[in-house]
Amino acid sequence: MSLNDLLHYLRLGGVTLALLLGASVVALGVAIERLIALWGVSERSRNLGEIVNKHLLRGDVAAARTAAERSDAVAADIFLAGFDRWERSRASGGNGIESAVERERAQVGLKLRRNLWLLATIGSTTPFVGLFGTVAGIMRSFKDLGVDVEAGGTGGSAAVMAGISEALVATAVGILVAVQAMVFYNYFQARLARVLVELRLLGDEFSELLKERATGAVLPEPPPSRETAPPPAPRADPQPASS
């Protein structure tokens, strides 16, 4: 198809074809944005999880928190939520750490799914938009046929075949845009499912280690040992005075 043919179909498609092409651009933009946002998410989160867990195993909670604060991984927000809860619940043995970590993990999941609804919407609606364009084109073709007959034309099928074939372009474009959007959507859904499982595993392991630190923090220290004083030596009885 030459450039002139493409411009010809664009003129015939009108608003419908412009909407479909706009939806295709939006779908491509969302896919690129999500691809950049999810690039290296799993690797960075795993690396941060290993560093934090090593510090916690050594009992250095301050170093573990510092590592999370300096990281740009999405798992850092999960770890920081756990640390905040740990600070407030050390006296009670770390109660609520799991809930805080799970809530933050859900928030991270929402951020990672951002704008994916656009792909689902485009994939489900563009075929109908294309069908609407085709129906409108066919109606226009039959209207032209009626005008041709009124003007003394033959009214043969050739008068409408070209218009109908051009109108079907809208349906074809709508299907192509829908396929494009759904391929992107399914890819990101599968990738996010794996990322969220990895974040759940990291959060569970982190919660267990942090709760152990909280439990150890409230254990009473053994009292300092005191050396047992030796029993006093028996005093010798005074010798009776000699007469």
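Modeller: Helices are DSSP runs of H or I with at least four residues, strands are runs of E with at least two, and both are numbered from the N terminus. By that rule, the elements of the protein chain run α-α-α-α-α-α-α from the N terminus on.

Biologist: How many helices and strands are there in the protein chain?

Modeller: Seven helices and zero strands. This is a predicted model, where local features need pLDDT of at least 70 and side-chain atom pairs count only at pLDDT 80 or more, while totals for chains, interfaces and linings use all residues. Residues are numbered from 1 along each chain as its sequence is written, and side-chain values use heavy atoms, leaving out hydrogens and water.

Biologist: Why is serine 42 called buried?

Modeller: Buried means under 20% relative accessible area, exposed means over 50%, and partly exposed lies in between (1.4 Å probe, protein chains only). Serine 42 has 19%, so it counts as buried. Its place is in helix 2. Contact means heavy atoms within 4.5 Å. Serine 42 touches Val195 and Glu198, not counting residues up to four places away in sequence.

Biologist: What makes serine 45 buried?

Modeller: Its relative accessible area is 2%, so it falls under the 20% limit. Serine 45 is also found in helix 2. Leaving aside neighbours within four places in sequence, serine 45 is in contact with Ala73, Val74, Ala75, Leu199 and Leu202.

Biologist: What makes a set of residues a nonpolar core?

Modeller: The members are buried Ala, Val, Leu, Ile, Met, Phe, Trp, Tyr and Cys residues, joined through side-chain atoms within 4.5 Å. The largest one here has 40 residues, and Leu56, Phe83 and Leu199 touch the most other members. Helix 7 (158-217) is among the helices that supply at least two residues each. The largest share, 12 residues, comes from helix 7.

Biologist: What does leucine 56 contact?

Modeller: Apart from neighbours within four places in sequence, leucine 56 is in contact with Val61, Ala64, Phe83, Phe206, Leu209, Leu210 and Arg213.

Biologist: Which residues of helix 3 are buried?

Modeller: Val61, Ala64, Ala67 and Ala68. They cover an arc of only 125° around the axis, so they lie on the same side of helix 3. The arc is that of the directions from the helix axis to the C-beta atoms. The face turned away from the buried side carries the exposed residues Ala62 and Arg70.

Biologist: How do helix 3 and helix 4 cross, and what are the angle and distance?

Modeller: Their axes come within 9 Å and cross at roughly 145°. Axes are lines fitted to C-alpha atoms, for helices over the stretch in contact, and angles run from 0 to 180 degrees between N-to-C directions.

Biologist: Which residues make the contact?

Modeller: Among them are Val61, Ala64 and Arg65 of helix 3, and Phe79, Phe83 and Asp84 of helix 4. By class, the contact has eight nonpolar, no polar and four charged residues. Ala, Val, Leu, Ile, Met, Phe, Trp, Tyr, Cys and Pro count as nonpolar, Asp, Glu, Lys and Arg as charged, and the others, Gly among them, as polar.
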